[in-house]
Amino acid sequence: VKPRMAGACVLISALVVLGQSLNPSGTSPSSLLARVQTAFDEWKKNPGCHLILCGGDPVQTGQSEARTMMNCLLELGMDRKAIFLEEQSTNTLQNAFYSYTLLRKLEVSRVIVITSDFHLPRAKYMFEATFKALADANHGPCFSVEGCPAPTPAPNAGDEGINALTRRQRLEREREKIILKLESRHLPTYIPAFPVPPLPRERLEQASREVEEMLCDPIEEDTAVIVLGQSLNPDGKPPATLLARVRTAFDAWRTTPGSHVILSGGDPARTGQSEAHTMMNLLLEQGVERKAIILEEQSQNTLQNAFYCFPLLRKLATTRVILVSSEFHLPRSKYLFEATFKALTLAEATPGPCLRVEGYPSPTPPPDACDQGINALPLHQRLEQERHFISHRIERDFLPTHIPRFPVPPLPRDRLQEALKEVEMLLRGGKKGEEQSSN
């Protein structure tokens, strides 16, 4: 399509903004809000351009994705007459199909598709294929398609289902859809009575490469390493398990350049020095910079580790947490951190982004000769204790009572079962190791 002439050559642009399923409550997921903000920024850069907001109501919340985006854009100060709604589509291929008619009416010369960065390779392919098929069928214009990626923020606390997935998880889903489903399922069936022929194979391979490149790039997330303490021996010396956690924490810190290390643990054994301070001295000896270390010295148990670390993570604007603890302790501690972070996020006046917790297990060495009490127990006994805690005490004793005046609701039951299975696997592995060593 040639640009229209009005004394000078002017390109008439249209920004096509793709919706994202709303949460069941009708709230906008963080990825949709990011697309809206990107659309507003592009509109300001392109005076006189039109906006086509795409998306029906596939989750049946009572309001279309398109209308939800329009309301957000009007609040930002966008001109209502620049906005056109496309409220029929329920998938990306239909976004392209139903927006084509609007684009022809607007006589645009330039189409810019705005969607999340993880979604753009597949969306751009689908728009190109659909526009070509419609142009061939109707002898109309075949618009060239440009892409404008919106950043993918961490999910908000209220995001559910697919909206709660991380950027890496979304990219992995996109890789699967492009390789396995795009030509075989999406193109032939996603527009009723209008199968879309695929583009040349190299175009599909290009979309696949773009996703792979994003997967290979380091995911830009602010990361914090949290190291959980272990009760000191009565003489104040660190037990073997704590020394192993410190060594593991050093390795985790080296693999995440620029990250902070939060050392978590008070002085429940009343030795006169906190677990956190003890760990700090050990990490300083290994070469960790003091400015990278943050101490949390209030907690007396694992649930309080999570509770008191949360405000520190908010100050750091962190979205990714690497949780370092002993292998036997990690299934329970990861569950407790997830449950506590979720409860604290929902309790915020304006819920911030969810914190993603990744486990980083520390090996469990045999107890030292001077280790006493719980520190003197071998690995299989620690695992038996963990199995009992998860099976009988997490929901009944830990979550309701271990943080003063802040009972933590349990996570779905299958998440607890997942933690229990992880301990069972460690127990089976430990027993096999004992049998082999005895033979």
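## Basis

The model is predicted: local features need pLDDT of at least 70, side-chain atom pairs count only at pLDDT 80 or more, and totals for chains, interfaces and linings use all residues. Residues are numbered from 1 along each chain as its sequence is written, and side-chain values use heavy atoms, with hydrogens and water left out.

Helices (H or I, at least four residues) and strands (E, at least two) are DSSP runs numbered from the N terminus.

Five strands form an open sheet in the order 5-4-3-6-7, with parallel pairing (two strands pair if DSSP finds at least two bridges between them). Strand 5 (83-86) and strand 7 (145-150) each have a single partner strand, so one side of each lacks a neighbour in the sheet.

Within this sheet, strand 3 (residues 13-18) is joined to strand 4 (residues 50-54) by five bridges, and V17 stands opposite L53.

## Helix 3 and helix 4

The axes of helix 3 (residues 92-106) and helix 4 (residues 120-138) come within 9 Å and cross at roughly 50° (axes are lines fitted to C-alpha atoms, for helices over the stretch in contact, with angles from 0 to 180 degrees between N-to-C directions).

## Strands 9 and 10

Strand 9 (residues 260-264) runs parallel to strand 10 (residues 293-296), and four bridges join them. In this pair, I262 stands opposite I294.
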